[in-house]
Amino acid sequence: MSAKRPQGPAESGRARISERVEELSPSGIRKFFDLLAGMEDVISLGVGEPDYATPWHISEAAISGIERGYTMYTSNKGMRELRDELSRYLEARYGLDYHPSTEILITVGVSEGLDLALRTIVNPGDEVVSPEPTYVAYRSCTTLAGGVFVPVPARVENSFKVKAADIRKRLTPRTRALLLGYPNNPTGAVMDKRDLEEIAALAHERDLMVISDEIYDHLVYGVKHTPFASLPEMKESTILLGGFSKAYAMTGWRIGYAAGPEDIIAAMMKIHQYTMMCVPIMSQMAAIEALKSGGPSVKEMVADYDRRRRVMVKGLNAIGLTCFEPKGAFYAFPSISVTGLSSEDFAEKLLVEERVAVVPGSAFGKSGEGFIRCCYATALDEIKEALERMGRFVERHKARRPRRRRA
Ligand SMILES: Cc1ncc(COP(=O)(O)O)c(C=O)c1O
């Protein structure tokens, strides 16, 4: 019989889990979705994922590769053909000039790119300033890299755009980097070029690195996305993170890329080669096809998200959940103040009483309290049904104003 391993602190008294990992809190989204498991007739506006399958011609490119025996490792940096395609794509779409052999690295989604970028530039105790509400991984990956996450509240009064003046107030001699994510998850905000230029000037003045997560770059509605690296003097201090998950409906393929200055990409490669070796070749082949001929499919999906966005925003406002108009990604982020409930209570009660799953705003940091995130990458019929259920819920839970006593 094998001896049982001791649970908790070993006899030496030493903790088995590192302090850095102990410090992480579980994702507010995952925690909430555990509740959902096993429930029936739930409409999910929760998970941030396209409801489309990957366009077939993209999947076929991977299948054809497997049939032809392409099942091996690739270059650590990623297949040269894919880096060439990406270099051409970034030039054609944004006028950005990245050399395929030294300035582009293929990563396991933006998730890996984010982790590599932070671990590459952050020294213990360095501060990383980032707008909040914030994508759930930003804080945790900063902590894992040994950094200190410093949130800058982005307010609904400014359409959740962050201002250079607000960022400036959070800078200290320890600030190492800005971490931006626009178009934004969870708010749907898209930054104006003018605001970005002011942030770029501040980054230049204070010699900050900028990590710019642009995974939703294709998903904008009636506005233009400006890549941070395209702003004056910014290419040399920006790590651009891009992906395939959202625009091409390729979440399961786990592929993305980082583009940036040669020394930074080389340093990120050092980690990547030991931890990942390379991205699966099948995913890289699919990504090549996506860049070569995925444009029309992306256009179609974006037009469809736009239709759903309008229905969602109009519907939320009609039931009393005031919602600013999101211009990007596929999330609406309405206020729930009319109910007086905390965002966690709201989400939990809505799920139990009406079987609609949304994400509490508090999962995205303190500044998200008072809001919920509703993903509209869901069939239109489901969105309409969800709105009806939410309407009933809001009616029931509308905070009753205290009535004046008669004199
Ligand atoms: C802002 C943001 N960045 C990164 C990711 C992760 O992307 P990937 O699937 O490329 O790892 C997500 C996924 O939801 C996201 O919303």
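The model is predicted.

Two packed helices are described by the angle between their axes and the distance between the axes. Helix H4, residues 80-94, packs with helix H10, residues 281-293, at an angle of about 30°. Their axes are 9 Å apart. Angles under 35 degrees count as roughly parallel, so H4 is roughly parallel to H10. The crossing of the two is left-handed. On the H4 side, the contact involves Glu 81, Leu 82, Glu 85, Leu 86 and Tyr 89. These meet Gln 284, Ala 287, Ile 288, Leu 291 and Lys 292 of H10. By class, this contact has six nonpolar, one polar and three charged residues.

Helix H3, residues 56-67, also packs with H10. Here the angle is about 140°, and the axes lie 8 Å apart. H3 and H10 are therefore oblique to each other. Their crossing is right-handed. H3 contributes His 57, Ile 58, Ala 61, Ala 62, Gly 65 and Ile 66 to the contact. H10 contributes Met 282, Met 285, Ala 286, Glu 289, Ala 290 and Ser 293. Eight nonpolar, three polar and one charged residues make up the contact of H3 with H10.

Val 110 places a backbone N or O atom 2.7 Å from a ligand oxygen atom. Tyr 216 has a polar side-chain atom 2.7 Å from an oxygen atom of the ligand. For Lys 246, a side-chain N or O atom is 2.6 Å from a ligand oxygen atom.

Terms used:
Residues numbered from 1 in each chain as written. Predicted model: local features only at pLDDT ≥ 70, side-chain atom pairs only at ≥ 80, totals over all residues. Heavy atoms only, no water. Axes fitted to C-alpha atoms, helices over the stretch in contact; angles between N-to-C directions. Helix = DSSP H or I, 4+ residues; strand = E, 2+ residues; numbered from the N terminus. Parallel < 35°, antiparallel > 145°, perpendicular 65-115°, else oblique. Left-handed = near helix turned anticlockwise from the far one by under 90°. Contact = heavy atoms within 4.5 Å. Nonpolar A, V, L, I, M, F, W, Y, C, P; charged D, E, K, R; others polar. Polar contact = N/O pair within 3.5 Å; in protein donor to acceptor, adjacent residues only side chain to side chain.
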